[in-house]
Amino acid sequence: MLDVRRLHLLRELDRRGTIAAVAEALTFTPSAVSQQLGVLEREAGVPLLERSGRRVVLTPAGRTLVTHADAVLERLELAVSELAGAREGIGGPLRIGTFPSGGPAIVPATLAELARRHPALEPMVQEIDSARVSDCLRAGELDVALVHDYDFVPASPDTTVDQVPLLEEPMYLATGGPIDGALGTGPTDSALASGPATCGDTLAELLGPWAASPWITARDGTTGHAMAVRACQAAGFQPRIRHQVNDFRTVLALAAVGQGAGFLPEMATAHAPDGVVLTRLPLFRRSKVACRAGGGTHPAVAAFVSAARTAVGTGRAS
């Protein structure tokens with residue numbers, strides 16, 4: 001009989017790539033992880049791992065077993081959700097992850113709604129990069145999380161995580177003038193005064209006038225950074241990145257004093273300072289709620305999704 005806890009270790013090795021990373025994520029020692037995977041190989045009766053330089057990679061049999069492990073662990077998550085539904089009331093800890101701009105924009109209104117509906121629930125929020133959410137959900141560090149993706153940077157398929165849509169919002173170009181260090185000129189005053197871009201406008205038309213200007217993007221390695229670079233490339237130029245910041249308020253403040261052009265979603269435009277020009281782009285950011293595969297029916301998770309949708313739907317997230 002295959003042990004489900006060892007199947008979990010094998011799946012984490014497949015996702016994380018090294019025994020050391022699995023050990024760190026699940027608070028084991030590397031030797032304990034190796035030992036348990038060795039026991040799993042004996043239970044399976046076939047080699048599941050092989051050495052490749054300093055790394056351990058899965059054999060074809062190991063990858064096949066991971067596919068079955070995904071299904072087994074999803075069924076267990078469903079079982080846990082159904083058992084939780086059999087209890088009266090919704091209470092206890094709920095560990096919530098959020099991307100930075102979701103903190104002030106979505107989370108407070110959602111928690112207020114949760115407190116009104118389920119006062120026994122104990123939400124605990126931590127800010128986290130969307131790229132780390134899947135790992136934290138599988139490791140049990142989070143129960144639910146707000147995540148997002150952009151046009152040009154779709155979310156990677158992940159069978160271990162379920163996602164439900166929450167909000168789709170347009171992206172804006174934030175500019176100020178004159179931009180310090182710009183090698184060219186921005187749009188004319190009349191063009192800036194024309195208001196949000198229509199659907200017929202192209203990225204080349206909207207971003208092209210700022211091609212020679214310095215740019216403000218999110219930090220390298222984030223989806224926001226990748227979106228900004230790819231959007232500029234689609235407009236026909238490589239952005240000259242001067243500042244890398246993840247906080248949209250800082251992007252607005254830098255744009256206001258002529259430090260560059262940057263991208264931000266609609267929810268971040270509400271308190272733009274004087275001197276910033278906002279131009280709507282034919283690009284979108286989609287916010288979603290993520291949980292472990294099979295966990296969407298857990299009463300606490302379902303309550304969070306419902307509260308988040310209410311908070312966004314009533315306009316309290318803008």
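**Close-up views of a predicted model**

**View 1. The buried residues of helix 2 in this predicted model.** Ile-19, Val-22, Ala-23, Ala-25 and Leu-26 are the buried residues of helix 2. Because the arc they cover around the axis is only 170°, these residues lie on the same side of helix 2. They pack against helix 1 (4–16), helix 3 and strand 2 (55–58). Just after helix 2, Thr-27 has a positive phi of about 55°.

**View 2. The crossing of helix 2 and helix 3.** Two packed helices are described by the angle between their axes and the distance between the axes. The axes of helix 2 (residues 19–26) and helix 3 (residues 30–44) come within 8 Å, and they cross at roughly 110°. Helix 2 is therefore roughly perpendicular to helix 3. From helix 2, Ile-19, Val-22 and Ala-23 meet Pro-30, Val-33, Ser-34 and Leu-37 of helix 3. Of the residues in this contact, six are nonpolar, one is polar and none is charged.

**View 3. The pairing of strand 7 with strand 8.** Strand 7 (residues 214–217) pairs with strand 8 in the parallel sense, over four bridges. Opposite Thr-217 stands Gln-244 of strand 8.

Key
Residues numbered from 1 in each chain as written. Predicted model: local features only at pLDDT ≥ 70, side-chain atom pairs only at ≥ 80, totals over all residues. Heavy atoms only, no water. Axes fitted to C-alpha atoms, helices over the stretch in contact; angles between N-to-C directions. Helix = DSSP H or I, 4+ residues; strand = E, 2+ residues; numbered from the N terminus. Parallel < 35°, antiparallel > 145°, perpendicular 65-115°, else oblique. Contact = heavy atoms within 4.5 Å. Nonpolar A, V, L, I, M, F, W, Y, C, P; charged D, E, K, R; others polar. Buried < 20%, exposed > 50% of the residue type's maximum accessible area, 1.4 Å probe, protein only. Arc of directions from axis to C-beta. Pairing = 2+ DSSP bridges.
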